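Reader: I would like to learn how to read helices and aromatic rings in a model. Please take me through some cases.

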Amino acid sequence: MRRLLLCLSVIILPSSISLAQSLEDCQQAARQNYPLIRQYDLIGKSTALTVENIQKGWLPQVSAQAQATYQSAVTEWPEQMQKVYQQMGLEMEGLKKGQYRVGVDVQQTVFDGGAISSQKELARRQGAVEEAQTEVSMYQVRKRVNELYFGVLLLDEQLRLNSDLQTVLEGNEKKLESMFQRGTAAESDYLSVKAERLDVSAQRKTLESQRKAVLRMLSAFCGTEVSQVEKPAGMGVQWNSSALDVLRPELRAIDAQLQLADAQERALKAAVMPRLSVFAQGYYGYPGYNMFEDMMRHQGSWNGIVGVRLQWNIGALYTRKNDRAKIQLQREKAMSNRDVFLFNNNMEQIQQNEDIERYKQLMSDDEERISLRSRVRRAAESKLAHGIIDVNDLVKEINAENSARVQQSIHEIEMLKEIYDLKFTTNNE
């Protein structure tokens, strides 16, 4: 029976415990939950459909047509020949002015100079640019999650220190209450410490409200309830921030734009190449290809023709130079954007590295400051018990010690945040 209860407790307890979520878990959840992520699938499908449509350029191109006309003049037999035929008993009036035809044209491309291939590559490169731009927007979600996550961590530290401060004040409050009851302390001293504890308790409610609001925003980003967060481990003062490569999606977006420019240039080359195709035309109508016979019988007939066609549109040569110049300007603009981004990114890294070093130095002094403030606070408690100082001096020293602890926590969280901001700036894990 005891084994059964133990097994049930092992199964039930974890489901009731709220596990803390890591920063990486929150970032991954936020990425999957952010509505913009659906753009990837839409871009992929749109690109695939475009490429498929371009590929169909190799299929036979079929067109149907029908027309009926009435002409003011038609081909006729010369008057002398009409007289000769009339003497032979034949009436040769020529073609009728009313004419008609219903037919089909079929054309099959044999050689296109690489036009279809270049168009497919161009469509793929355009899709890659859209995906890269979407990734740039998605990457900003990571920064927003970082801000919310470290905001929760900072509030957690402030709540922990608030509890410690209340514990210290409560201990002194009980001592003063006992001293007041024995007549060795004034009631105002006891009430002053109690009022200070109540003020700290009210501050806790404000901190809890702020934490709840930030957690709700973080949960909204992640698409799942986040109730606890854990401090990133293994970073600390051993973090080495030198010589980090920049792997930001903005650079991949610029590379995609350069590759698109290359594809556009190849499409320009294909545009001036000749096209070779075979074709077939057939129609039923009047007149047909045998015009002399149609001038005599005046009836519709079946007609057809097959052949080879070579086309070379040299009109593309007129604008080729300017088009290539425009593509080169696009390249230069993209490369300029890369230089600007890397310059600004380097400035951010310099500032963040300086901030990390500054927090390291501050943290190295925090422990000593806290130790000194703690010794001063304990001495003040002893002096108050012997009537050397008043309660206001004690409260001042208690708040000074708490302020030192708060500063230590802020420096630690801010340093961790700067480290992760640097990781965001460079996109390094």
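Predicted model: local features only at pLDDT ≥ 70, side-chain atom pairs only at ≥ 80, totals over all residues.

Reader: How many residues does helix α5 have, and what span does it reach?

Author: Helix α5 covers residues 115-182, which is 68 residues. From its first C-alpha to its last it reaches 101 Å, close to the 100 Å expected at 1.5 Å a residue. Just after α5 comes G183, with a positive phi of about 85°.

Reader: What describes a pair of aromatic rings?

Author: Two values are used: the distance of the centres and the angle of the planes. This structure holds 6 aromatic pairs. One of them joins Y149 and F150, with 6.2 Å centre to centre and 75° between the planes, and is edge-to-face. Y149 and F150 are both buried. Ring pairs also link Y149 and F150 with Y420 in a cluster.

Reader: Where do Y284 and W302 lie in the chain?

Author: Y284 is in strand β3 (residues 275-286) and W302 is in strand β4 (residues 301-311), 18 residues apart. Their rings form a tilted pair, 5.0 Å centre to centre with 55° between the planes.

Reader: Why does W302 count as exposed?

Author: W302 counts as exposed because its relative accessibility is 72%, and the cut-off for exposed is over 50%. Y284 has a relative accessible area of 32%, so Y284 is partly exposed.

Reader: Which rings have an arginine over them?

Author: R248 lies over the face of F424, at 4.8 Å from the ring centre. The ring of Y359 has the charged end of R358 over it, 4.6 Å from the centre.

Terms used
Residues numbered from 1 in each chain as written. Heavy atoms only, no water. Helix = DSSP H or I, 4+ residues; strand = E, 2+ residues; numbered from the N terminus. Expected span 1.5 Å × (residues − 1). Phe/Tyr/Trp six-rings, centres within 6.5 Å; stacked < 30°, edge-to-face > 60°. Buried < 20%, exposed > 50% of the residue type's maximum accessible area, 1.4 Å probe, protein only. Lys NZ or Arg CZ within 6 Å of the ring centre and 35° of its normal.
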